[in-house]
Amino acid sequence: MKIFADTADTQAIGHLSEAGLIDGVTTNPSLIAKSGRNVLDVAREICAMVDGPVSVEVASPDYDGMMKEAAVIADIAANICIKLPLTFDGLRACRALTHQGHKTNVTLCFSVAQALLAAKAGATFVSPFVGRLDDINLDGIELISQIRRVYDNYPELKTEILAASLRTRNHVARVAGIGADAATMPAALIEAMISHPLTDKGLEGFMKDWAATGQSIL
Ligand code: E4P
């Protein structure tokens, strides 16, 4: 499963990317607002830091506006993935942009029916939001399972499932178990995935025993 950082924080992206821990980046208008930076500047910087897809979202609600914005976004770099909302206009723009050869990510997906239409529109990725469904007492993980089953029924559908709005290590493990193609999550969650109390405890013991040997490898 590919791991994407869901952030516009270039420092965090650089840190994770240098360690080879991420395969791409997703942003959204709220994350750009949080960065306090110009969307095109930050997108350009991120695209130069990672080889994989970098999703940047259009902000217009209508097809014509989306297409104009998409042309500007697509110009940033070859690894740009144009993010579009799961609306009638967003799906229409997705189809047109896919035909033009661009990578697309249809976002704000909350149902299997929506995911089917995103695939029909030729989306490179569909982003079902796990955490936001959990927030309203629905089962976000179950949605990933259902979309996986439906897509697997129709091998001609090439859209990849990008599990989004992940909040916990358990979310990540479960979507990987289901077979999501990719998962996007905050940088802090990727860092949290590294640690386990038994790893810390084990390492402490090894270091103590090693020091007692008085040896040095170098
Ligand atoms: C997906 O691409 C979105 O940027 C993101 O995962 C939303 O997550 P949130 O629900 O934590 O805002």
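These notebook entries record what I looked up in the structure above.

**Basis.** I worked from a predicted model, in which local features need pLDDT of at least 70, side-chain atom pairs count only at pLDDT 80 or more, and totals for chains, interfaces and linings use all residues. Residues are numbered from 1 along each chain as its sequence is written, and side-chain values use heavy atoms, with hydrogens and water left out.

**Overall form.** I noted 11 helices and 8 strands in the protein; helices (H or I, at least four residues) and strands (E, at least two) are DSSP runs, numbered from the N terminus. Along the principal axes, the C-alpha atoms fill a box of roughly 70 × 40 × 30 Å. Of the 218 residues, 46% are buried. I use buried for under 20% relative accessible area, exposed for over 50% and partly exposed for in between (1.4 Å probe, protein chains only).

**Salt bridges.** I found 8 salt bridges in the structure, each being a side-chain nitrogen of Lys or Arg within 4 Å of a carboxyl oxygen of Asp or Glu. I looked up the pair Glu57 and Lys83, whose N to O distance is 4.0 Å. This pair links distant parts of the chain, since Glu57 lies in strand 3 (residues 54-57) and Lys83 in strand 4 (residues 80-85), 26 residues apart. Glu57 counts as buried at 15% relative accessibility, and Lys83 counts as buried at 4%.

I then turned to helix 8 (residues 140-153), where Asp152 and Arg148 lie 4 residues apart, about one turn of the helix. Their side chains meet in a salt bridge of 3.2 Å, N to O. Arg148 is buried because its relative accessible area is 13%, whereas Asp152 is partly exposed at 48%. Salt bridges that share partners join Arg148, Asp152 and Asp181 into one network. I also recorded a salt bridge between Glu142 and Arg149, with the closest N and O atoms 3.8 Å apart; Glu142 is partly exposed at 31%.

**Helix 1.** I located Gln11 in helix 1 (residues 10-18). Gln11 counts as exposed because its relative accessibility is 69%. The C-alpha atoms of Gln11 and Ile46 are separated by 9.7 Å, the two being 35 residues apart along the chain.

**Helix 11.** I placed Leu203 in helix 11 (residues 197-213). Leu203 is partly exposed because its relative accessible area is 49%.
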